[in-house]
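Colleague: I would like to learn how to read a model residue by residue. Where do we begin?

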Amino acid sequence: MVSVAPLHPEFGARISGMDLHVPLTTDQVKTVHDLIDRYSFLCFPDQSFNDARQLALTCSLGEPEENHVALGQRGVISYFGIIGNVQEDGSKLGNRDRHVVFSTGNNMWHTDSSFRPVPSYVSIMCVYEVPGEGGHTQFVSTRSAYERLPDALKTEIEPLTVIHDYVFSRSKVSPDAVTPSHAASLPPVRQRLVRTNPRTGARNYYVGSHAKTVEGWEEPDSRRLLDDLLARAVEEEHVYTHPWQPGELVIWDNRTLLHRGTGYDADRYRRYMRQTRVRGVSTLEEAQAQ
Ligand SMILES: [Fe+2]
């Protein structure tokens, strides 16, 4: 029996009564997709998993997305990304390590893979180690934010296309944060600003740190709109802060949620989570299907 306990008035649920380490039935897969559409953020505590089980779950929800760092830097296809400061060999990196500094880019509000032509549907996180303090992740719903917009603004943003650019967002962390091959693998892409869930009809807007400019707009106007939409979404009362627990598995909807890390002291603490992603659909094609 699956039970659902909401985590925040606008989105998020803790799900019990479903073991994700065994192959899901067709009905269970449908249930998870339905829960994603409804709650956007699903936390499954006390799960038993390893990489094989995580990848099997990922594939049951769709097509796994290649990790863009491994692909862009080394030409390697891997479906896993490490979130935190622990490496594959178990060693810990400190605050000044290049990888840890680079990962502070995730402390800006963003949605995963919005810089890819076909962005992510969901991210799946398996939690192994968490810091003694800090290291949380905050989430907001741009579906709720869209609903709060004045009608005139909804109308204004309806037809807009936004350029998302990974090199742009990471240049805020460090000018040479992205290697030449990685940068070449991720040219700027066009994304529709307003998205519609094809199954539910729910609408939201798609912004975040990778959103660089509104196509066809002057830079100041563009920045003003994108910053305003982001600011409206992340007002404090709309933020859910997730305190990670080892053993939990979390799935979040990258179509409708923005998230950011809160930071932690990598010199003192270990943080180790493994992330996979399920490929979504082109926002341009999604819009044409409406
Ligand atoms: Fe992220």
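Modeller: With contacts: two residues are in contact if their C-beta atoms, placed from the backbone, lie within 7 Å. Not counting residues up to four places away in sequence, Val278 touches Thr58, Leu61, Gly62, Glu63, Pro64, Glu65, Ser120, Tyr121 and Val122. Before going on, note that this is a predicted model, in which local features need pLDDT of at least 70, side-chain atom pairs count only at pLDDT 80 or more, and totals for chains, interfaces and linings use all residues. Residues are numbered from 1 along each chain as its sequence is written.

Colleague: How far apart are Val278 and Leu61 in sequence and in space?

Modeller: They are separated by 217 residues in sequence, and their C-alpha atoms lie 7.0 Å apart. For the chain, 82% of the contacts with a separation of 6 or more are between residues 24 or more positions apart.

Colleague: Is Val278 buried or exposed?

Modeller: The term rests on a count: a residue is buried if 20 or more other C-beta atoms lie within 10 Å of its own, exposed if 12 or fewer, and partly exposed in between, with C-beta atoms placed from the backbone. Val278 has 22 C-beta neighbours inside 10 Å, so Val278 counts as buried. Of the 290 residues in the chain, 37% are buried.

Colleague: Which element holds Val278?

Modeller: Helices (H or I, at least four residues) and strands (E, at least two) are DSSP runs, numbered from the N terminus. Val278 is in strand 15, residues 272-279. The chain has 10 helices and 15 strands.

Colleague: What does the radius of gyration say about the chain?

Modeller: The radius is taken over C-alpha atoms, and the globule rule is 2.2 Å times the number of residues to the power 0.38. A compact globule of 290 residues would come near 19 Å, and the chain, at 18 Å, agrees with that. Along the principal axes, the C-alpha atoms fill a box of roughly 50 × 45 × 35 Å.

Colleague: How should I read helix 1, residues 26-39?

Modeller: Start with the span, which is expected to be 1.5 Å times one less than the number of residues. For the 14 residues of helix 1 this gives 20 Å, and the end C-alpha atoms are 20 Å apart, which agrees. Next, look at burial: Val32, Ile36 and Tyr39 are the buried residues of helix 1. Seen down the axis, they fall within an arc of 100° (the arc of the directions from the helix axis to the C-beta atoms), so they line one face of helix 1. Exposed residues Thr26, Asp27, Lys30 and Asp34 sit on the face turned away from the buried side.

Colleague: Which strands do the buried residues of helix 1 pack against?

Modeller: They pack against strand 2 (13-16), strand 3 (41-44), strand 5 (120-129) and strand 13 (249-253).

Colleague: And what should I look for in backbone angles?

Modeller: Most residues other than glycine have a negative phi, and most peptide bonds are trans. Ser40 is not a glycine, yet has a positive phi of about 70°. Ser40 lies in the loop between helix 1 and strand 3, and is buried, with 29 other C-beta atoms within 10 Å. Ser113 also has a positive phi, near 65°. Ser113 belongs to the loop between helix 4 (98-103) and strand 5, and with 23 other C-beta atoms within 10 Å it is buried.

Colleague: Is Gly75 buried or exposed?

Modeller: Gly75 is exposed, with 9 other C-beta atoms within 10 Å. Gly75 is in the loop between helix 3 (68-74) and strand 4 (81-84).

Colleague: How do I read strand pairing?

Modeller: Strands of a sheet pair through backbone hydrogen bonds, either parallel or antiparallel. Here two strands pair if DSSP finds at least two bridges between them. An open sheet of 3 strands has the order 12-6-14, with antiparallel pairing. Strand 12 (240-242) and strand 14 (257-261) are the edge strands, each pairing on one side only. Strand 6 (residues 137-141) pairs with strand 14 over 5 bridges, and Phe139 stands opposite His259 in strand 14.

Colleague: How many bridges join strand 1 to strand 2?

Modeller: Strand 1 (residues 3-6) is joined to strand 2 by 4 bridges, and the two run antiparallel. Ala5 stands opposite Arg14 in strand 2. Their hairpin has 6 residues between the strands, and Gly12 takes a positive phi near 90° there.
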